[in-house]
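Please examine the sequence and the structure before reading the solutions.

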Amino acid sequence: MKTPRFQLTVRAVAAAAIALAGSFYAAPALAEAGGGDATPAATPAASPSATATPAIVPGVASAPSAAPSAAPSAAPAAAPGVSDAGLSEAVLRDLGMTLEEFNAAGQLAKTAADAVSSLRELPGYLGISLRDGRILVEGSGAGLQARVNELNDAGTAAVFVLAAPSAGLSAEASAEPSSAPSAAVPAAVPADVPSPAELVASSTEQLFQAYVREVGPAGLQAVAYSGGRFIIRTGGTNAAEAALPAVLDPRAAPSTADAAPGKISPADFVARYANVRLEQGSPVTTEADVFGGEGYVIDRMTICSTGFGAFSAAGLPVVLTAGHCAEDGTARVAEIEPPTSATAGDSAPLPASLAPLGTFGYSQFGGPLNSWITGTEEAPGNVGTDIAVIEALDGGLSVQAAASTWASAATPGPSAVKIIGKVAPFQGQEVCRSGRTTGWSCGQVDETGIYVVGGRTTDPADLRAFRGFLSNDIQSSGGDSGGPWISGNFAVGTHSAGETSGDNYAIATTLEDALTKFPSAVELQLFLNKPELVAPENLTFTAGQPITGRVPAAPASAVAANSKVRITVGNQTPVDVPVDPAGTWTYPAPEATGPLTLTAETVNGFSRSGPASLAFTVSELAAPVITNPADGEALKEITGIDGTGTPGLTVRLTGDVSGTGDVGPDGHWSIPAEGTAPGRLSVRAVQTMPGAADSPSATANFTLAPGAPAVESITDGAHFSQDTLPGTISGTGVDGADVAVLIDGVSVGATQAGTGSAAAGRWSVPFPEGLTPGAHTLSVTQSVDGVTSDPRRVAFTIDAPVSVPAEPSVPAQPGVPAEPGVPAEPNLPAGPGAPAAAGVSDVPPASAEPGVPAAGSAVIPAGSGQLPNTGAGSLLPLAGLAGGAVLLGVVLLGGTKLAASRRRAAG
């Protein structure tokens, strides 16, 4: 084992993680010397958003100063260790300000905040705001003016300015406003209510209390102050999202005109104030989803990663993480690290204010009560676990049954891996880990066993043991502790430690074992989709007929085992129906007829999908039966759709064939279907009757094959010379059909009818090269929606080219020397009246085809006036041969070349 080195490594990594996390909070900006003011001081370390737009809200006071006239404190020095260069760039980019202007704005806000407590109790005070380097005190009255003068005399460079009230607010109305809550109108509206616009709101607190007392809290979103007026904003009520499931309260905002019993309406309330405006706001919902592997900050000191969502024994949501992150039970508060601030995200600066996650509950690192091992490191006793829960989660959070893959830190949801159960680790298992430092890393489990790590103290004997597993492939680093290890859609463990400086490995705690260590049961949160209806297609049923639905698995690989669908109809007691491994569920239709709605929710222990509202209809009419075609039948032709039903009713057919038909006395019906387009077809039939809901639908799915395509470029039995083959194979078919062309069973082309420049339904492929002479078979099919026609077969033959016959040799003439390799020609007989040349013999006549004179009869006598005896007489018998060769077609060219050769030889 590598335990001794591992122990030291873990301690070193833990120390580094603490140092890293501590650096985020080395310069807190919340403390103010000499007072308890909660307003952050303006320092370069402060978040730009926290200081550039200071929240100076009337009625929310800072701690009072020791003396109202005391001069505001000087701007504190910049926190050490923070780069002014980085802050200067940020405020210039985001706010268009220099660092000096930014610091001055922060100090101006601090000065205004210090003055609020001495201003709010004065008659005529409305609010305070910052503008153009000045502090505007809104209101009127001699007392208010005197206090503004005192503030300017106190060394504030006369930054305070008394601004007149907003238009419509008279000096008389604002001179003596009621600032105490008791001065407001009581809940029961009295007869002597002040006339409209006689009241002036002096603070958000006073206005809020009066509104809740006189109108009520329902629908109230905000009581705010802006632009010299107070605003009351109403809208939907925001419900805490920690419940299961977390949803926005669906109640509509109360009408501005209607009032609850004993109350007044929001409009009437606002009408009584000269400086209050009523706004209708949209319902606001928190959208803080928490995924496994995201970071959280512990007591503003260290950072770990969230593991899995879970539920306590009471069904309350909790987050599982590593036990050692709880610091042996001393850790208290966990706050959410924005994913974009994580190392695995965009490494954006950590904001000064973090959203709360929750508080630490039960934790165990090592044996019970975080106890050390007994025995030795090589043979430890007191084997425990490394697990903790974060409970009392903030109400605005929605923990997701999913692990972040860090594909997008800003929007982790779409790529997050859903969790549908847990599984034990085993060697060779493919696993992945998520954490806020190194993000997403995958590999194989190389071993499982008991692992010993160094404890929280520095005592060498402080060793903790837990059951877990190790991977040499997976990367990890400080801050990844507590993050989820998964295999597919199943939880396997939570990250405990790792080594990266030497031989890389990462170690996780086995989740199945860890869950057994809690003193009360903790249940893993599971991903569940909402249920939906799937059959029949028109969602109409008869009483008692099974309503069929399903729970989709995607994007997970399956539906969580042992899931159920909880059905609620009206005020009836909910009923749970099982979900099979394929996600299918059924529920008998109620007896009542007509349109109905039920509520269905997928449940698995404390895990919930959220409710789905499913609408359907219960009919008194039975569904018809489709007998022809049969469901799934493959047809080559169709003339009609036939079936059975209730005599006297009408069947309506929809889908790829439509029409209506009456059910005859024998219970049969038929609807014509000529001209139906080929492909994969579906028809739905219902029975109808006036005054009644349509029956459930009957469905038949079948295929109709297209006819065989036509071949136009090659006729059956055609012959082609190998030298004169066609360029294409072409024809017609169903427009848009996929055409496949084969010759002798081998594909030679494929195309789509009517594509490109071709006319509708036409198709063409090139004629293949390399076909040998002989008989061949062309086969062409067309497919529509994957339904293939019968083949169109065409037989054709390719003929070999005709060979040129060899010309017989001619003896050479005596006395005429022949060229090498060319026989000499004999002397020809003289024409009439001319002596024959010595040694001349008759030339044998050349053979000729029937009807063609022999070559010898074409000899013209010398002196005939047709051809002088110029020594070219040897051409004459060949001319006759050429004349006979005209009928040989392709042989002609060869004969001509041969004659030319002879002529050159004779010359």
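**Exercise 1.** Is Glu214 buried or exposed?

*Solution.* The model is predicted, so local features need pLDDT of at least 70 and side-chain atom pairs count only at pLDDT 80 or more, while totals for chains, interfaces and linings use all residues. Residues are numbered from 1 along each chain as its sequence is written, and side-chain values use heavy atoms, with hydrogens and water left out. Buried means under 20% relative accessible area, exposed over 50%, and partly exposed in between (1.4 Å probe, protein chains only). Glu214 counts as buried because its relative accessibility is 1%.

**Exercise 2.** Identify the salt-bridge partner of Glu214 and locate both residues.

*Solution.* A salt bridge requires a side-chain nitrogen of Lys or Arg within 4 Å of a carboxyl oxygen of Asp or Glu. Arg272 is the partner, with the closest N and O atoms 2.8 Å apart. Glu214 lies in helix 7 (residues 204-214), whereas Arg272 lies in the loop between helix 8 (266-271) and strand 6 (276-280), 58 residues apart. Helices (H or I, at least four residues) and strands (E, at least two) are DSSP runs, numbered from the N terminus. Arg272 is also buried, because its relative accessibility is 8%.

**Exercise 3.** Describe the salt bridge between Asp328 and Arg464.

*Solution.* The N to O distance is 2.9 Å. Arg464 belongs to strand 23 (residues 463-471), and Asp328 to the loop between strand 11 (317-321) and strand 12 (333-336), 136 residues apart. Asp328 is partly exposed at 23% relative accessibility, whereas Arg464 is buried at 1%. Both join Asp462 in a network of salt bridges.
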